[in-house]
Amino acid sequence: MTMYGNSDTKTYASTNGFLSIMQGSSVYQAVALPSSTLPNNTACPFWDDLKLYGASPDQGIFYSFNAAGTTVTYDYLLGRAGVPSEIYHFQVVYSTGAPGVFVYKYISVGSGNNGVDASVGIQGGNGFVQFSLDVADITPGMTITCDTNKSTCVAS
C-alpha cells in the first residue's frame, strides 16, 4: 500500500475509523488534518469515537482481496462510543493498479450523524487533504476518492 510516496505491506485498521501504514494508533479524538496525534500515513474514511461492541459477525473490521489479489477492501461495522445502537458501516478500497488512491464507500453513518463529529480525509509525510471536519455531509451511498498523488479527495 502506498500513501504520499510511502509504502508498506502492513496495514493497521483502527476501530476509530482510520487505516494507516507503517504504524498503528487508537486515538479517538478527531481533529483537523494533518494531525500529529495520528500516524503519519493515515487514510481517514470516518475518524470518530467509534467502538467495537463485542466480537460477533455483526460488528468488526473485516478485509477481503479480489481473486487476483490486487484489490483489498476493508469493511468497517462499528458502533459509536456511548451509543451502541448507532451503526457505522463504511469501506476503504485500495488497488495496487492505482497506487496512492483510496476509495471510501459509505453504507450507514449512524442515526443521522452523517459525520457531524468526524474527520474525513487523508494525510502523509508529503501532504494531506481534509475533505470534511465536524460537518454532517457524509451520507449513505456516498463515495469519496482520495488520491495521494494529486492530493485530492473528491465525492461522487
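This is a predicted model: local features need pLDDT of at least 70, side-chain atom pairs count only at pLDDT 80 or more; totals for chains, interfaces and linings use all residues.
**Figure 1**
The protein chain has 0 helices and 14 strands. Its pattern along the sequence is accordingly one β after another, β-β-β-β-β-β-β-β-β-β-β-β-β-β. The C-alpha trace spans about 40 × 35 × 30 Å along its principal axes. A compact globule of 156 residues would have a radius of gyration near 15 Å, and the protein chain, with 14 Å, agrees with that. Of the 156 residues, 47% count as buried. Among contacts with a separation of 6 or more, 49% are between residues 24 or more positions apart. The accessible surface comes to about 7,000 Å², and carbon and sulfur atoms account for 53% of that area.

**Figure 1. An open sheet of 5 strands.**
Follow the strands across in the order β3-β4-β5-β11-β12, and you will find antiparallel pairing. At the edges sit β3 (11–14) and β12 (127–133), each pairing on one side only. From one strand to the next, the twist averages 10°. Strands of a sheet pair through backbone hydrogen bonds, either parallel or antiparallel. Within this sheet, β4 (residues 18–21) and β5 (residues 42–47) pair over 2 bridges in the antiparallel sense. Here Leu19 has Ala43 of β5 opposite.

**Figure 2. Strand β11 and its two partners.**
How many of the residues of strand β11 are buried? The count is 6 of the 6 residues in 119–124, so the strand is largely enclosed by the rest of the structure. In a regular strand the side chains alternate between the two faces of the sheet. In β11, Ser119, Gly121 and Gln123 point one way, while Val120, Ile122 and Gly124 point the other way, and all are buried. Towards β5, the antiparallel pairing has 4 bridges, and Cys44 stands opposite Gly121. Towards β12, the antiparallel pairing has 6 bridges, and Ser119 stands opposite Leu133.

The structure holds 1 disulfide. Cys146 and Cys153 form this link, with their sulfur atoms 2.1 Å apart. The angle about the S-S bond is 110°, and the link is right-handed. Cys146 has 0% relative accessibility and therefore counts as buried. Cys153 is buried as well, because its relative accessible area is 13%, under the 20% cut-off. Cys44, by contrast, is in no disulfide; the nearest cysteine sulfur belongs to Cys146 and is 9.0 Å away. Cys44 is buried, with a relative accessible area of 0%.

Val101 has its place in strand β10 (residues 101–109). Is Val101 buried or exposed? With a relative accessible area of 18%, Val101 is buried. Leaving out residues up to four places away in sequence, Val101 touches Val93, Tyr94, Thr145, Cys146, Asp147 and Asn149. One of these contacts, Cys146, is a partner in the disulfide of the previous view.

**Figure 3. Backbone details in two loops.**
Tyr4 is found in the loop between β1 (2–3) and β2 (6–7). Its phi is positive, about 50°, although Tyr4 is not a glycine. Tyr4 counts as buried, at 5% relative accessibility. The loop between β4 and β5 is the place of Met22, another residue with a positive phi, about 75°, that is not a glycine. Met22 counts as partly exposed because its relative accessibility is 45%. Pro34 also lies in the loop between β4 and β5. What is the peptide bond from Leu33 to Pro34, cis or trans? The bond is cis, with omega near 0°.

Methods: Residues are numbered from 1 along each chain as its sequence is written. Side-chain values use heavy atoms; hydrogens and water are left out. Two strands pair if DSSP finds at least two bridges between them. Axes are lines fitted to C-alpha atoms, for helices over the stretch in contact, and angles run from 0 to 180 degrees between N-to-C directions. The radius of gyration is taken over C-alpha atoms; the globule rule is 2.2 Å times the number of residues to the power 0.38. Buried means under 20% relative accessible area, exposed over 50%, partly exposed in between (1.4 Å probe, protein chains only). Contact means heavy atoms within 4.5 Å. Accessible areas come from the Shrake-Rupley method with a 1.4 Å probe; for residues, only the protein chains shown count as cover. A disulfide is a pair of cysteine sulfur atoms within 2.5 Å.
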